[in-house]
Structure formats: structure tokens, C-alpha cells
Amino acid sequence: MNVGSFGAFEYQPAEISQIGIPDNQGGVLTAPTQQSTSRPRAQVIGGGQNSLRQAITDVVSGLRLWQLWTMLGWHDILQRYRRAPRGAFWLTISMAVMVVSLGVLYAELFRTSVRDFLPFLCAGLLVWTFMSSFLLEGGVLFTGSESYIKQVKLPYSVYVFRSAWTKLIIFAHNLVIYFGIVLYFGIWPGPVGLLAIPGILLVTINFTLLCVLIGMISARFRDIPQLIASVVQILFFITPIMWKPELLQQRAYFAYLNPLYQMIELVRAPLLGMAPTLQAYLAVLGITLVNFIVVATFFARFRSRIAYWV
């Protein structure tokens, strides 16, 4: 019996021999029986190159089903705000209130102008909310799709692309706040603002990979989402989102060593009219390479167990 993509073993029956049973005419009837000395053999078929090949096929098949996961992503948003007249824009409204409130307050605390600080805070919070949503919701990436996984044979990457697409839609909704602020203060980033597009692409790739890793581990160990939520709160305060690295003065290198800061700068700097530094690009590209190797290895190794874990 070949378990296929949902199993890790192939069962091979034991050898069959013949035993003789006397009949009424003096002859011998033969009947199959299982030798007592032989044992069933389980052959692993989920390791090595075969697992990697299946993982690549899973991702390619998921990309080909782009109409399915885009439709499921829209459906998730519609279901979440099914009876709300303003739909997903409630998120935008709450985000706008928080940005303006914190912007005015912290501008006074840091003795800086609101015109300078509010766009900085807005761009940082938008990117951080986008990134943290992958971490916070990654725990239910597969467990939240349990009914689909157990009833419909689909590539696991469909659920990954569905989640990433939903978060990109919400991020696009929240960008309305940024455009409102830059129009109010008469600030425009110019052509350099287009650099935010490859920046958000790199951020999406990295956190989608992290979402896969968190989703698989959380499917096996159900306490992981609570741990992730606590870690995200700490990361929010130690990452330059509501404060600038210059405030650390001689110890500003602590902020630059934070990989989350480098990822945020790939998007925030262009939105503020500044090109990201070469250091930020090199750091994020290096993180992307390591992230891809780790998650690809983990996904290829344990992909066949997801259906059992959920």
C-alpha cells in the first residue's frame, strides 16, 4: 500500500509458503500461510531526494492553483467582516487612530516635530503589523485548515499562499493611512518610493517562509502560538518602530544588528523618500538565503506528517 503524499512508509507483506493438509483420498491439500520466522517490513519512502522532489512539486502545484488560493483569501476577509458595513476597513480605521494618537504623543516625548515623526511612525507600524501578522497567525496555518487537509487532497502550499495573499490585501488597505498622512503634510517620496515594492516582496518571502516553519511546528506542538505571541510583544519594543536608532547614540549599533529593523527599513525608507542602504539589502538577502535553506529542509523532511499532526 503506497501512502503517497500523506504517509511516510510503504508496507510490504511477509513471504508466503505452502503447508500440506491431508485430504480424504490420501492426497495433500496445500494452503498458503505466513512463515512464523518472517516479519513485515516497513520501507521508508519519504526521505532523501524523493522528499525534496515532492516538496518542490507541492510548491509548483500550489502556484498553478493561484485562482483557488486568491479566491480563498478573499473569502477569509469577507467571512471575517461578513456583517460589518465597512468590512476590512475597520482595521484601517483602528490603525489610523492608533498612528495619530501615538504619533502626537511620542513626538512630544521625544521633543521632535509631528511632521517628521508621524510619517516615520506610520510607515514603521504598517510594515510591523504586516510582518507580525505572519508570526501571530502562523500557528494556525495548517491547524486552521484541518477540515480541508483531511477531506481534500490539495498541495500544502495552497494554504501558505492563501495566508500570504490575505495579509497582502490587508496591508494594501492600511496603506490608505500612509497616503493620507503624506498628503496632509505635503510630503511625497518621489521615484525612490518605488523601491518599497522590492522591499515588501523580500519581506513577504521571508515571513511566508517563517509562517510555514511556525505552522508546522505548531501543528505538532500546540503551545507554540502562545510562545510566539509573547516573543512578538518583546520584539516590538526592541525594534526601532516607535523610536529612532539615533536615540541610542553610541549604542545605535544594537538597532542595526536587529534583522527586523533591516527588513522594515527596506520598505520604510523608500516611503519616506530615502533609498535603503546597501547594508540593509545585503543583510536581508543573507537572511533570506538562510531562511530558505532552513525552511525548505524542514518542509521537505516533515511535509508528509502534516496531515497526521493536524
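Aspartate 116 is partly exposed, because its relative accessible area is 37%; buried means under 20%, exposed over 50% and partly exposed in between, with a 1.4 Å probe and protein chains only. In this predicted model, local features need pLDDT of at least 70 and side-chain atom pairs count only at pLDDT 80 or more, while totals for chains, interfaces and linings use all residues. Residues are numbered from 1 along each chain as its sequence is written, and side-chain values use heavy atoms, with hydrogens and water left out.

Aspartate 116 forms a salt bridge with lysine 244, and the closest N and O atoms are 2.8 Å apart. The term salt bridge stands for a side-chain nitrogen of Lys or Arg within 4 Å of a carboxyl oxygen of Asp or Glu. The pair links distant parts of the chain, 128 residues apart: aspartate 116 is in helix α4 and lysine 244 in the loop between α8 and α9. Helices (H or I, at least four residues) and strands (E, at least two) are DSSP runs, numbered from the N terminus. Lysine 244 also counts as partly exposed, at 24% relative accessibility.

The structure holds six salt bridges. Side chains of opposite charge can pair when their charged atoms come close. One of these salt bridges joins the side chains of arginine 162 and aspartate 76, at 2.7 Å from N to O. Arginine 162 lies in helix α6 and aspartate 76 in helix α2 (residues 66–80), so the pair ties together parts 86 residues apart in sequence. Arginine 162 is buried, because its relative accessible area is 12%. Another salt bridge is formed by the side chains of lysine 150 and glutamate 146, at 2.9 Å from N to O. Both belong to helix α5 (residues 146–151), and because they are four residues apart there, about one helical turn separates them. Lysine 150 is exposed, with a relative accessible area of 51%, whereas glutamate 146 is partly exposed at 31%.

The protein as a whole has 12 helices and four strands. Of its 310 residues, 43% are buried. Its accessible surface comes to about 17,700 Å², of which carbon and sulfur atoms supply 66%; accessible areas come from the Shrake-Rupley method with a 1.4 Å probe, and for residues only the protein chains shown count as cover. Contact means heavy atoms within 4.5 Å. Among contacts with a separation of 6 or more, 71% are between residues 24 or more positions apart.

Which residues have the most contacts inside the largest nonpolar core? They are Trp128, Met131, Phe142, Ile149, Tyr156, Phe207 and Ile306, in a core of 64 residues. A nonpolar core is a set of buried Ala, Val, Leu, Ile, Met, Phe, Trp, Tyr and Cys residues joined through side-chain atoms within 4.5 Å. The elements that give two or more residues to this core include α3 (89–109), α4 (114–137), α6 (156–185) and α7 (196–220). Helix α4 gives the most, with 14 residues.

Leucine 126 lies in helix α4 and is buried, with a relative accessible area of 2%. Not counting residues up to four places away in sequence, leucine 126 touches Met95, Phe171, Asn174, Leu175, Ile177 and Tyr178. Leucine 126 and alanine 172 are 46 residues apart in sequence, and their C-alpha atoms are 9.7 Å apart in space.

On the surface, Leu248, Tyr253, Phe254, Tyr256 and Leu257 form a nonpolar patch with about 510 Å² of accessible area together. Patches are made of residues with over 30% relative accessible area and no salt bridge, like charges being joined within 9 Å and nonpolar side chains (Val, Leu, Ile, Met, Phe, Trp, Tyr) within 5 Å.

Most residues other than glycine have a negative phi, and most peptide bonds are trans. Arginine 111 has a positive phi of about 55 degrees although it is not a glycine. Arginine 111 lies in the loop between α3 and α4 and is exposed, at 72% relative accessibility. Glutamine 249 has a positive phi near 55 degrees, is found in the loop between α8 and α9, and is exposed at 59% relative accessibility.

Confidence is given by pLDDT, the predictor's confidence in each residue, from 0 to 100. The protein averages a pLDDT of 84, and 83% of the residues score at least 70. Among its elements, α7 has the highest mean pLDDT (96) and strand β1 (residues 9–12) the lowest (36). Over residues 1–47 pLDDT stays under 50, and the model has 67 contacts beyond four places in sequence for them. Where pLDDT is low, the predicted coordinates should not be read in detail.
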